[in-house]
Amino acid sequence: MDVHEKYLKFPGEVPVKWKILGRLLDSRGTFVSGEELGDLLQISRPAIWKQIQILMREGIPIEAAHRKGYRVPESLDLLRPDQIQSSLVTSFLGRPILYTRETGSTNDDAKLLAGESSPDELPEGTVLIADTQSRGKGRLGRSWQSPPGGIFMSIILRPRVSPSRVPALSIVVGFAVASAIKDVLGLFAEVKWPNDVLIGGRKVAGVLCEMRAELDVTSVVVAGIGVNANFDLEVLPPLLRDKTTSLSWELGRPVDRNSLVASVLNTLEPLYMEFLGGGLSRLLPRVEKVLAYAGMPVRIQNTSPGSPEVSEGILEGIDPDGRLILGLPDGSRRYFSAGDLSLRPV
Ligand code: BTN
């Protein structure tokens, strides 16, 4: 399906079936009568039933009961872009939000849209968000597990900065995610260089910034964010389970993904403006407070093609270009722009 057709735009003209679904989601677990839905949307009851059947064919578990109406299960957890937007205090992030229930990768869709749209058609701050992805992408060509219940979003940014500053931007995005998790849920989340978010040493979110650049100026950055929000770790491949966690796993209850998405955008906007004004330097003291493994013995694996070199030392911090500072045993320092970081095994 064409990317333009796949996504619903908020604010914008929302199809009737989505309005019906929205009303059912407002009272999950409880029946809403066909009459009420008809009155709300000013259409006949047979027309409501037709829309319900479309939703059912699309896989939405709607129960229809004679004389009672329709209901969705209490446990049905779908993103609500309208609710996200009503919690925004931003001036451009999340304005608009493009939403789809399922796609391959929101980053791929965002890059495609950015390639064929002018800044007027696709303004800075546009967010693409999906309830699930079939080909989620992680860093270094890895795949990103994207089961329902997670958060999969890509933000279109148009920073007029040199491409060399984009890695530092992805640290800012990771910091915004960690801060939002703390603010909304009270969970202490750390930023693991270059762009992971950890809780209790296990990965809960990741950031993948991809860019288009022309003549040394970045034209578009697609900042992709994946958060393991509401799913059990059993849905992940066994190899990932030890290193991964989810917010619902940590809290023992599902979280409100809409509030979290709004908080990520509300937190990121002022940080992004600070970054555009003065780079990472002014933000570093705050980032370093939640920097995973700071002051600890670490190992960093160079991920540049053809040089699988491993370095060990003490993680001293991040420099204003977003590079990792490694203190070596001989007292010198080494700076890394990319790599795979882990705690040094004892
Ligand atoms: C990583 O930690 O390796 C980065 C993961 C980034 C995942 C997000 S989910 C939304 C967006 N779409 C993708 O395909 N990837 C990013």
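This is a predicted model: local features need pLDDT of at least 70, side-chain atom pairs count only at pLDDT 80 or more; totals for chains, interfaces and linings use all residues.
Residues are numbered from 1 along each chain as its sequence is written, and side-chain values use heavy atoms, without hydrogens and water.

The shell around the ligand has 20 residues, each with a heavy atom within 4 Å of the ligand. Ser105, Gln133, Lys137, Arg139 and Lys203 are the closest. By class, the shell comprises 6 nonpolar, 10 polar and 4 charged residues; Asp, Glu, Lys and Arg count as charged, and Gly is among the polar ones.

| Residue | Part of residue | Distance to a ligand oxygen |
|---|---|---|
| Ser105 | side chain | 2.8 Å |
| Arg139 | backbone | 2.6 Å |
| Lys203 | side chain | 2.5 Å |

The protein covers 98% of the 420 Å² of accessible area that the ligand has on its own, as computed by the Shrake-Rupley method with a 1.4 Å probe.

Helix H6 (106–116) and strands S6 (151–157), S9 (202–214) and S10 (217–227) each supply at least two shell residues. Strand S9 gives the largest share, 4 residues. Helices (at least four residues) and strands (at least two) are DSSP runs.

The unreviewed UniProt entry annotates residues 19–71 as "domain: Helix-turn-helix type"; such annotations may be inferred rather than shown by experiment. This span, residues 19–71, is 55% helix and 11% strand, and its end C-alpha atoms lie 14 Å apart.

Methods: A polar contact is a pair of N or O atoms within 3.5 Å; within protein, one must be able to donate a hydrogen and the other to accept it, and residues adjacent in sequence count only if both atoms are side-chain atoms.
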